[in-house]
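The sequence and structure come first.

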Amino acid sequence: MCHVLHDHELLNRPVRLEWPWFVSGVGALGVTTRLALFDISLSDRELPERILACRPVGQPKAEFLSIKILGSGTYLDAAGRRRSEDRLVELIVETHEANLSARLSVHHDIWADYDFFGRPHFDIYERNAPRLTAALQALDEVLGVTADPGDSTYFGAAEGYGLARTDPEDLIDGLGIDRSDKL
């Protein structure tokens, strides 16, 4: 999955992992571990041991159910210049024993036709949204399954392999909904 995201410049290089700990029958511990990947790659055979070595000392039965894979990605601005952005996407791998699943989250307005302030930015959308679409389609191919688009949020709704376009009925004087109050 990281190779696919790298090929589309959405996750240029994973630089850290994050995961919360929990104890079965007790629940979440409120402890999250961050592991910088300065000297180790995701394919390193020692990585699982390093992750488990981060278990909270006072909780020998602590486990984790998910790991975020984080780094920076590249987006294209209105002039077509390449810009680096930390956490352009977040890849979360769920590690349940019964099945393995993954979730790709986006938290930037470059994937939408209107920014978070409701201003149209079609040039930015047209430069970036197709890249997200291509990456999601490639992930489907690599994983051999069709992705579930997930739930809507305050900031937008997934539709197909991207974000739903702004409904023209939601426009007021050519502006979309201002969602900046939750930034």
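With which residue does D86 form a salt bridge, and how far apart are the closest N and O atoms? The partner of D86 is R16, with the closest N and O atoms 3.1 Å apart. D86 belongs to strand β4 (residues 82–86) and R16 to strand β1 (residues 13–23), so the pair ties together parts that are 70 residues apart in sequence. Strands (E, at least two residues) are DSSP runs, numbered from the N terminus.

This is a predicted model, in which local features need pLDDT of at least 70 and side-chain atom pairs pLDDT 80 or more, while totals for chains, interfaces and linings use all residues. Residues are numbered from 1 along each chain as its sequence is written, and side-chain values use heavy atoms, leaving out hydrogens and water.

A salt bridge here is a side-chain nitrogen of Lys or Arg within 4 Å of a carboxyl oxygen of Asp or Glu. The whole structure has 13 salt bridges, among them these:

| Pair | N to O distance |
|---|---|
| D86 and R16 | 3.1 Å |
| R87 and E90 | 2.9 Å |
| D115 and R119 | 2.8 Å |

Salt bridges link R16, E18, R34, K68, D86, R87 and E90 in a network.

Relative accessible area is classed as buried (under 20%), exposed (over 50%) or partly exposed (in between), with a 1.4 Å probe and protein chains only. D86 is partly exposed at 41%, and R16 is buried at 19%. R87 is partly exposed at 23%, whereas E90 is buried at 8%. D115 is buried at 11%, and R119 is partly exposed at 45%.

E90 is also one of the residues touched by S105 (heavy atoms within 4.5 Å), along with L88, V89 and I92, leaving aside residues up to four places away in sequence. S105 sits in strand β6 (residues 101–106) and is buried at 16%.

Definitions and conventions:
Helices (H or I, at least four residues) and strands (E, at least two) are DSSP runs, numbered from the N terminus.
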